[in-house]
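Here is a short report on aromatic rings. It covers how they pair, where they sit and what lies over them.

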Amino acid sequence: MSERPVLIVGFVTPVLMALAGAEPDGSVVLVEEPDVIRKRDLLAKLAGSSLVRELIGWEHARPGSADEFYATHRDLDPVAVIPLIEYATPFAARLAERYGLPGAGLGAAQILRDKALLRKVSAAAGLANPASATVTCPADVRAFMRAHPGPVVLKPANRQAAVGTQIIHDAAEVDRAWANCVEQDEGVFVPDRPMELSMLAERYVPGPEYSVEMLVRGGRQLFANVTGKQLYPGPRPVELAHIVPAGIPDDLTEKLMERTRQVVSAVGFGDGILHCEWIVSDGVPFLVECAGRIAGDGIMEIIDRAYSMKLLRSYVAMMRGESLPELPRRATGGAAVRFVPMEPGVIDAVLGIEQARQVEGVFLVDIQVGPGHRFTGLRSSWDRTGLVMAVADDPAEALQRAEKAAGLVRIEVTHSED
């Protein structure tokens with residue numbers, strides 16, 4: 001086949017499904033970690049794919065592996081290189097440089113992958129950050145708490161999906177929290193080999209949370225959206241809901257977008273999408289973290305619904321070097337994602353799915369668990385059991401519909417004895 005392929009790094013089912021209707025057959029070469037290919041049985045899953053021309057097993061999360069890939073696969077001559085997962089962003093950025101294609105830039109990708117480094121770079125650019133420090137043991141965390149009274153957040157500086165993140169209110173909690181936070185288990189989504197871990201302690205900043213999803217070409221904004229967020233209660237700051245648009249005053253929307261443009265400039269981000277998270281405390285946006293990739297959690301889908309657009313397709317077209325029509329500046333409606341909570345235990349039955357699908361405005365009910373599944377408690381985004389998506393004329397109503405549908409899903413469990 002002579003057509004230059006789109007090189008995608010990282011397997012994300014909804015994204016590939018969305019591209020299947022937009023990109024030509026056989027136009028994608030997918031790169032994924034060999035361990036992930038095996039654990040997720042990707043050879044079988046992609047056997048009937050008309051979109052994916054080739055699946056290449058490569059240790060893309062290993063530093064420095066992009067140049068080895070380029071030396072081995074120079075003749076691929078892709079038209080674009082696109083990362084879909086967090087751990088693939090430096091690899092994709094470097095590979096784009098080697099192939100002479102648009103990309104984030106390796107320096108920007110490495111800064112965004114390291115939360116401690118991002119703190120320093122963004123603070124130097126004048127952006128508000130919570131007080132933070134790299135910590136290597138529980139004693140370091142207690143010392144940070146003495147210097148910064150009040151709750152702190154302990155989290156990895158180089159992980160995704162809120163893995164290992166916990167809010168600590170008292171020094172007596174530190175030893176247990178440290179043990180819980182440094183125990184990393186991302187299952188089928190990561191390679192089996194150990195990944196270096198660095199930890200941060202940060203002052204807890206109270207306030208509503210938002211994310212900005214921004215499409216950037218040549219360091220300039222082409223499109224931006226602000227998503228409102230809700231978190232599960234408790235010490236693990238895992239997202240319970242996303243609302244698009246956020247339903248906030250225009251001046252706050254513009255402030256969050258402007259701060260995200262400052263992040264783009266500070267890290268030197270070139271071409272791609274950013275998913276930048278903020279907490280607004282007393283009117284001041286504090287940077288939480290920023291990812292140089294598409295947003296997860298169904299945010300891309302609800303942006304499409306709320307803005308009557310195809311953001312993923314625009315992203316791919318931009319990375320292919322194509323010109324884009326003017327993208328929308330305002331939403332035409334509202335959309336929301338609401339996750340379905342469950343109690344710890346072993347699932348006996350999942351009920352109410354069909355009733356949830358009948359709620360007005362609901363267009364997706366996706367439950368990932370069934371009888372026999374054991375749930376030990378919410379530790380990260382990977383532990384969530386399923387979600388509901390809904391649309392309406394405005395974001396508040398969309399969230400109400402999603403909440404109503406999620407409440408109709410009943411996950412019955414036998415409670416664990418331990």
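## Aromatic pairs

Rings of Phe, Tyr and Trp (its six-membered ring) pair if their centres lie within 6.5 Å; planes under 30 degrees apart count as stacked, over 60 as edge-to-face and the rest as tilted. This is a predicted model: local features need pLDDT of at least 70, side-chain atom pairs count only at pLDDT 80 or more, and totals for chains, interfaces and linings use all residues. Residues are numbered from 1 along each chain as its sequence is written, and side-chain values use heavy atoms, with hydrogens and water left out.

A search of the whole structure finds four aromatic pairs.

W58 and F69 pair edge-to-face. Their centres are 5.2 Å apart, with 85° between the planes. W58 is in the loop between β3 (52-57) and α4 (65-72), while F69 is in helix α4, 11 residues apart. Helices (H or I, at least four residues) and strands (E, at least two) are DSSP runs, numbered from the N terminus.

W58 and F69 are both buried. Buried means under 20% relative accessible area, exposed over 50%, partly exposed in between (1.4 Å probe, protein chains only). W58, F69 and F91 form one aromatic cluster.

## F223 and Y307

F223 and Y307 also make an edge-to-face pair: 5.1 Å centre to centre, 80° between the planes. F223 lies in strand β10 (residues 220-231) and Y307 in helix α11 (residues 299-307), so the pair ties together parts 84 residues apart in sequence.

F223 counts as buried because its relative accessibility is 1%. Y307 is buried too, at 6%.

## A charge over a ring

The charged end of R305 sits over the ring of F363, 3.8 Å from its centre. This label needs NZ of Lys or CZ of Arg within 6 Å of the ring centre and within 35 degrees of the ring normal.
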